[in-house]
Amino acid sequence: MSGRVFHAPFVSTHPGFRLEAVVERHEKNAAQKYPDIISYDSADELIGDEELELIIVNTPNNTHFKLAKQALKAGKHVLIEKPAAANTTEIKELYDLGRSMNRHIMVFQNRRWDSDFLSVKDVIESGRLGELIEVQFRFDRYKPALSPKVFKETKTLAANGLVYDLGPHLIDQAISLFGRPLSFKKTTAIHRDDSEVADYFNFHLSYPHQFNVYLTSGLLIAHPLPSFVVHGTLGSYIKDRVDVQEAQLDSSLSPIDNKYGIEPAESEGKLVTIGLDNQKNTEYIASVKGDYIQLFEAVYHTIRNNALYPITEEHIAWQIELLQA
């Protein structure tokens, strides 16, 4: 699903890339949409293709480190799906290897370009909320059944459970806005029947000036709360998670379609501010267009122009530190 939805549509439409090859171990479906694509039976064959400059690693979590390392050693640039690795030792080894091979390690944190998150970012950076007091980011789902993806549900496999599944999204969004916290507290729990891995988590991140950030996700949340709640000394902003890109891509809408990334009507964020007369003012703010192509634009310029990739090594190191705690 990751290759079909999150990668191939952008690699095939961005003018700086050519979608050349894919690994399909079982069913050969890619050629139905991409007739000229090479379909390899194994990762070894793909990584061994000397024409390829960039390898995208979007396999099960516990294989990311091994395959990214193999691709780097073969002289490839690497874009890795989150989580990039299971622990800080692995991620340091990957970045060190990338430097020694003069190749770039880039991590796929696409939700920096969600329409809803971009709206939150714009409001915070506008200063209209004043000095920030508290931020809550949530990713709520109701999925009581265990996932058929065994790597997510097996405690003996690295990078398992909800923490490593949705945690990277929430942590990256927080770090991209606020940087590294002064300290943090991590809470996890298991609530689903027969689950052996965490299906609930909360991170409490503490920042200077008594600013607190709470990141929460659970798989037994029947009525999701607002996904973004930001409180400041001058106001509050509340926004639901309504980015449409994943659903559009899954239904084969092209990322260059005019309708792509546009939130539906009546999904605006709610901004409440207090005026000089102590009156409460409420307005609804439409989100900017969501656009994952910006991540691939960043990948292109990192490889071709040696630009700084926006999801930096430090960002990923801090993220993995929280995940593995």
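Author: Let's start with a pair of helices: H3 and H4 run roughly parallel to each other. Keep in mind that this is a predicted model.

Reader: What makes H3 and H4 roughly parallel?

Author: The angle does. Helix H3 (residues 64-73) packs against H4 at about 10 degrees, and their axes are 10 Å apart. Angles under 35 degrees count as roughly parallel, so the pair gets that label.

Reader: Which residues of H3 and H4 meet?

Author: On the H3 side they are Phe 65, Ala 68, Lys 69, Leu 72 and Lys 73, and on the H4 side Glu 90, Glu 93, Leu 94, Leu 97, Gly 98 and Met 101. Sorted by class, this contact has six nonpolar, one polar and four charged residues.

Reader: What does each helix bring to the contact of H4 with H11?

Author: H4 brings Thr 88, Ile 91, Tyr 95 and Arg 99, while H11 brings Glu 313, Ile 316, Ala 317, Ile 320, Glu 321 and Gln 324. They split into five nonpolar, two polar and three charged.

Reader: And H5 with H8: why are they called roughly parallel?

Author: Helix H5 (residues 115-126) and helix H8 (residues 167-178) pack at about 25 degrees, with axes 11 Å apart. With the cut-off at under 35 degrees, that makes them roughly parallel. Phe 117, Lys 121 and Ile 124 of H5 make the contact with Gln 173, Ser 176, Leu 177 and Phe 178 of H8. The classes here are four nonpolar, two polar and one charged. H5 passes H8 in a right-handed crossing.

Reader: Let's move to the second largest pocket. What makes a residue part of its lining?

Author: A lining residue has an atom within 4 Å of a pocket point. This pocket has a volume of about 320 Å³. There are 17 lining residues, and the closest to the centre are Tyr 95, Arg 99, Arg 103, His 104 and Ile 105. Two or more residues come from each of H4, strand E5 (105-108) and H11.

Reader: Which element gives the most to that lining?

Author: H4 does, with three residues.

Reader: What makes Pro 83 and His 209 worth a look?

Author: Most residues other than glycine have a negative phi, and most peptide bonds are trans. The peptide bond from Lys 82 to Pro 83 is cis, with omega near -10 degrees. Pro 83 sits in the loop between strand E4 (77-81) and H4. His 209 isn't glycine, but its phi is positive, near 65 degrees. You'll find His 209 in the loop between strand E8 (200-207) and strand E9 (211-218).

Methods:
Residues are numbered from 1 along each chain as its sequence is written. This is a predicted model: local features need pLDDT of at least 70, side-chain atom pairs count only at pLDDT 80 or more; totals for chains, interfaces and linings use all residues. Side-chain values use heavy atoms; hydrogens and water are left out. Contact means heavy atoms within 4.5 Å. Helices (H or I, at least four residues) and strands (E, at least two) are DSSP runs, numbered from the N terminus. Ala, Val, Leu, Ile, Met, Phe, Trp, Tyr, Cys and Pro count as nonpolar, Asp, Glu, Lys and Arg as charged, and the others, Gly among them, as polar. On a 1 Å grid over the protein atoms alone, a cavity is a set of points where a 1.4 Å probe fits but cannot get out, and a pocket is an open set with protein on both sides within 12 Å along at least five of seven lines; lining residues have an atom within 4 Å of a point. Grid points are joined across faces, edges and corners, and a volume is the space filled by probe spheres set on the points. Axes are lines fitted to C-alpha atoms, for helices over the stretch in contact, and angles run from 0 to 180 degrees between N-to-C directions. Angles under 35 degrees count as roughly parallel, over 145 as roughly antiparallel, 65 to 115 as roughly perpendicular and the rest as oblique. A crossing is left-handed if the near helix is turned anticlockwise from the far one by less than a right angle, and right-handed if clockwise.
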